[in-house]
Amino acid sequence: MTYSVEWRGDHVRLLDQRLLPYDEHYLELTSSNQVADAIRNMTVRGAPAIGVAAAYGVVLAALKAAPDRRVDASRDAIAALGRTRPTAVNLFAALDRMRRVLDSARSAERLVESLAQTAVSIHQEEIDASASISRLGASLIPEKATVLTHCNAGTIATAAHGTALGVIVEAHRQGKLERAITTETRPLLQGARLTAWELVRAGVPTTLITDSMVGHLMRTTRIDCVLVGADRIAANGDVANKIGTYTIAVLARTHHVPFYVAAPGSSVDLSLRSGSEIEIEQRDSTEVATFAGRPVAADGVDFWNPAFDVTPRRLITAIVTERGILMAPSKNGLRMIVGCPGERRK
Ligand code: MRU
């Protein structure tokens with residue numbers, strides 16, 4: 001298995017996801033600023049992986065600071081890491097947990113150790129969650145299934161196993177999957193570059209389509225279900241995920257295709273009543289203005305580049321979490337998933 005984030009005691013090792021599938025290159029980061037840059041520029045991406053990387057970024061800030069500066073340096077790092085990407089709530093959930101360690105810290109000597117322990121726990125919980133999601137979600141996949149996915153919710157977007165992609169790979173392992181179909185996922189091509197790479201390496205028969213082919217695909221081909229990940233799930237069950245997810249959900253409803261979201265409890269934000277309160281990240285126009293690094297648009301045109309959209313819960317057949325499958329997502333169901341009445345917040 002390829003790990004996108006690894007803690008090495010005094011540095012964090014990140015797979016540079018920008019270079020895939022051509023180059024499997026790892027970066028060794030020794031400062032929280034480097035981790036913040038890596039999240040912003042999408043060296044590391046995918047909601048759970050961002051949260052884990054950020055937690056280690058806080059550890060690095062404490063590790064590098066003089067003992068009397070450790071608490072302040074860690075708080076500064078939490079603030080800076082929290083400004084990197086706004087939509088995936090896993091980032092803020094991880095930073096909240098690191099902040100709580102600082103709030104209860106008694107001695108500077110033990111601070112680094114306590115922060116590292118919490119970061120490792122966050123990491124391990126994400127690994128366990130995705131393993132469980134993969135197993136549970138596979139029960140939804142019928143025999144000889146053809147499954148459509150969007151963006152990349154695989155091993156490299158999480159801490160291991162993957163969420164939506166973990167389900168697909170597990171269904172393949174169980175001999176139930178005939179084929180996976182992945183969209184290319186414009187503008188950054190997470191589907192073409194990352195999902196296709198992961199699925200082919202896992203031996204899953206995979207077809208790549210452009211995002212605009214989904215309607216024709218559903219009209220002309222049997223698709224047994226759609227499986228996607230999530231960046232933030234509001235209390236009412238609305239889901240923010242990669243731009244284009246909503247379009248696929250509308251098409252899935254029109255064509256009577258079950259639409260499943262697979263995500264860990266760390267992606268649930270009970271502080272937001274509905275998806276309309278989720279902040280949608282706007283990214284640089286160069287991502288739309290170029291393809292594979294080359295300009296594709298006429299000079300003078302304007303751009304719009306929201307990185308995510310919101311799928312309303314009425315279009316979602318079920319949310320697969322590590323604690324169970326939530327059919328027709330509701331606030332009470334999500335509370336059970338998060339495990340306590342506490343609120344997640346940005
Ligand atoms: O902009 P990205 O590549 O970080 O967006 C990733 C997604 O939208 C994923 O579907 C989501 O984070 C779930 S990853 C398990």
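Which polar side-chain atom lies 2.7 Å from an oxygen atom of the ligand?

1. **Before you start.** This is a predicted model, in which local features need pLDDT of at least 70 and side-chain atom pairs count only at pLDDT 80 or more, while totals for chains, interfaces and linings use all residues. Residues are numbered from 1 along each chain as its sequence is written, and side-chain values use heavy atoms, with hydrogens and water left out.

2. The opening question points to lysine 242: a polar atom of its side chain is 2.7 Å from a ligand oxygen atom. The ligand alone exposes 410 Å², and the protein buries 99% of that (accessible areas by the Shrake-Rupley method with a 1.4 Å probe). Glutamine 190 has a side-chain N or O atom 2.9 Å from an oxygen atom of the ligand. For alanine 47, a backbone N or O atom lies 2.9 Å from a ligand oxygen. A polar contact here is a pair of N or O atoms within 3.5 Å.

3. **The shell.** Around the ligand there are 18 residues, of which Arg45, Arg85, Asp231, Asn241 and Lys242 come nearest; a residue is near if one of its heavy atoms lies within 4 Å. By class, the shell holds eight nonpolar, six polar and four charged residues, with Asp, Glu, Lys and Arg counted as charged and Gly among the polar ones.

4. **Who supplies it.** Helix H2 (47–64) and strand E9 (239–242) each give at least two residues to the shell. Helices (H or I, at least four residues) and strands (E, at least two) are DSSP runs, numbered from the N terminus. Domain 1 (5–131) and domain 2 (134–338) each contribute at least three shell residues; these bounds come from an automatic or database domain assignment.

5. **Backbone points to check.** Most residues other than glycine have a negative phi, and most peptide bonds are trans. The bond from leucine 20 to proline 21 is cis, with omega near 10°, and proline 21 is in the loop between strand E2 (12–15) and strand E3 (26–29). The bond from arginine 186 to proline 187 is also cis, with omega near 5°; proline 187 lies between strand E5 (177–183) and helix H7 (190–201), in the loop. Cysteine 151 has a positive phi, near 65°.

Note on methods
Polar contact = N/O pair within 3.5 Å; in protein donor to acceptor, adjacent residues only side chain to side chain.
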